[in-house]
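Sequence and structure go in first.

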Amino acid sequence: LLSKSYLLLLNRHSILRTQFTQALGEEILQVVKKGVKPDFQYQDVSKEVNFSIENYMQLDRSKGFDLNQDESQMRLSVLKLKENKKEFMFQYIFKI
């Protein structure tokens, strides 16, 4: 359900499908894609003994975003920590 909601959000708001490129000339152009692949992942980490949310978040932050390549300017993750405990993470570009 969250993945479908995210896709609807991307399709509704063109700013979330925007990329910047110099591939078509010398000036940087803003390109709005018709559709993008959502960056959403669900991971069951409940059996990983040494799993650390802090390490996971640091690794996710270190990926950054590439405005020329990335499909979306947001990244969503759901981590299953225990049977009835999940962690939701939302990464986005907040400055250019």
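My entries on the salt bridges and their surroundings follow.

Ground rules. I am working from a predicted model, in which local features need pLDDT of at least 70, side-chain atom pairs count only at pLDDT 80 or more, and totals for chains, interfaces and linings use all residues. Residues are numbered from 1 along each chain as its sequence is written, and side-chain values use heavy atoms, with hydrogens and water left out.

Strands. I looked up β4 (residues 74–82) and β5 (residues 85–92), which run antiparallel and are joined by 8 bridges. Strands here are DSSP runs of E, at least two residues, and helices are runs of H or I, at least four, numbered from the N terminus; two strands pair if DSSP finds at least two bridges between them. A hairpin of 2 residues connects β4 to β5. R75 has Q91 in β5 as its bridge partner.

Salt bridges. I found 4 in the structure, each a side-chain nitrogen of Lys or Arg within 4 Å of a carboxyl oxygen of Asp or Glu.

D60. Its salt bridge with R75 has an N to O distance of 2.9 Å. D60 sits in helix α2 and R75 in strand β4, so the pair ties together parts 15 residues apart in sequence. Both D60 and R75 are buried (under 20% relative accessible area; exposed is over 50%, partly exposed in between, with a 1.4 Å probe and protein chains only). D60 also pairs with K63, closest N and O atoms 3.8 Å apart.

K80. I noted its salt bridge with D44 at 4.0 Å. K80 is in β4 and D44 in β3 (residues 40–44), 36 residues apart. K80 is buried at 15%, whereas D44 is partly exposed at 40%.
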